[in-house]
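This report concerns helix packing, aromatic contacts and annotated segments. The chain is shown below.

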Amino acid sequence: MGKEVDVSTLEAGGARDYADPPPAPLVDIDELGKWSLYRAVIAEFVATLLFLYITVATVIGYKHQTDASASGPDAACGGVGILGIAWAFGGMIFILVYCTAGISGGHINPAVTFGLFLARKVSLVRAILYMAAQCLGAICGVALVKGFQSGFYVRYGGGANEVSAGYSTGTGLAAEIIGTFVLVYTVFSATDPKRNARDSHVPVLAPLPIGFAVFMVHLATIPITGTGINPARSLGAAVVYNNNKAWSDQWIFWVGPFIGAAIAALYHQIVLRASARGYGSFRSNA
């Protein structure tokens, strides 16, 4: 005889030990009258500013240290290397997500915000304000790097994302789609209410895998595109550097991350969490 078994209730003696938050309204005008929204927007702006300042400064510093004309014959052995650059990006995401998660959710990336919007985790109003704050913060962060290192900034490429020589546009786009999928999929998994209920004794668990995902994606895609996976990061560098190549490739660093984020949102919400959200159930014979 067949019976319906919802896999989301198979823990804790048949009762859930977690609760899924209700979907965010598509448009929440009342949100505009709440200080908590503007506090979160400010947090996103500051976090993205700090993220771009530290990471782009690391890139410029590395290129200067490995420039034989500036650092001498030992230049090839200098600098933090690609590994160090990847750690700078991943480490800053870990730090900033940890610092801002309780205020804004710690998005620091329009692609992450877009994915969470598709999953009804944030309203359209909040998503638009977050993305605007992230892009403005990124521009200001890169501008600080240029202001403090004006002699090196333009000389060493301004930290701008471009498809590297030898790689096609399609390869660059695919790298951005897959890299952003890894990041946003990790965000969904690390912040899943079901996982949080099991791992509530480990308060830094969510920022850690998110930062590590950024680190791993950078190792794989720095040689291809310089690693975008964050439209605000790419836009901020392009605006301040203002180079034709950076602008002509800019669409890749918006289309790719948004496609990757959308795929990750659909995969997590509809495939992995389908039963918990009423999309379906498993049937077993007993």
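## Aromatic cluster

In this predicted model, Phe215 is buried, with a relative accessible area of 6%. The rings of Trp87 and Phe215 are stacked, because their centres are 4.0 Å apart and their planes stand at 20°. Trp87 belongs to helix 3 and Phe215 to helix 9, so this pair ties together parts 128 residues apart in sequence.

In one of them, Trp87 and Phe212 have ring centres 6.3 Å apart and planes at 65°, so the pair is edge-to-face. This pair also links distant parts of the chain, with Trp87 in helix 3 (residues 81-100) and Phe212 in helix 9, 125 residues apart. Trp87, Phe212 and Phe215 form one aromatic cluster.

## Packing of helices 7 and 9

Helix 7 (residues 169-190) packs with helix 9 (residues 207-225) at an angle of about 175°, the axes being 9 Å apart. The two helices are therefore roughly antiparallel. Among the residues that meet are Gly172, Ala175 and Gly179 of helix 7 and Ala213, Val217 and Thr221 of helix 9. By class, this contact comprises eleven nonpolar, six polar and one charged residues.

## Annotated segments

An unreviewed UniProt entry places the feature "transmembrane region" at several stretches, including residues 82-103 and 124-145. Over residues 82-103 the chain is 86% helix and 0% strand, and the end C-alpha atoms are 32 Å apart. Residues 124-145 are 100% helix and 0% strand, with end C-alpha atoms 32 Å apart.

Conventions: Residues numbered from 1 in each chain as written. Predicted model: local features only at pLDDT ≥ 70, side-chain atom pairs only at ≥ 80, totals over all residues. Heavy atoms only, no water. Axes fitted to C-alpha atoms, helices over the stretch in contact; angles between N-to-C directions. Helix = DSSP H or I, 4+ residues; strand = E, 2+ residues; numbered from the N terminus. Parallel < 35°, antiparallel > 145°, perpendicular 65-115°, else oblique. Contact = heavy atoms within 4.5 Å. Nonpolar A, V, L, I, M, F, W, Y, C, P; charged D, E, K, R; others polar. UniProt positions renumbered as here; feature names shortened; annotations may be inferred. Phe/Tyr/Trp six-rings, centres within 6.5 Å; stacked < 30°, edge-to-face > 60°. Buried < 20%, exposed > 50% of the residue type's maximum accessible area, 1.4 Å probe, protein only.
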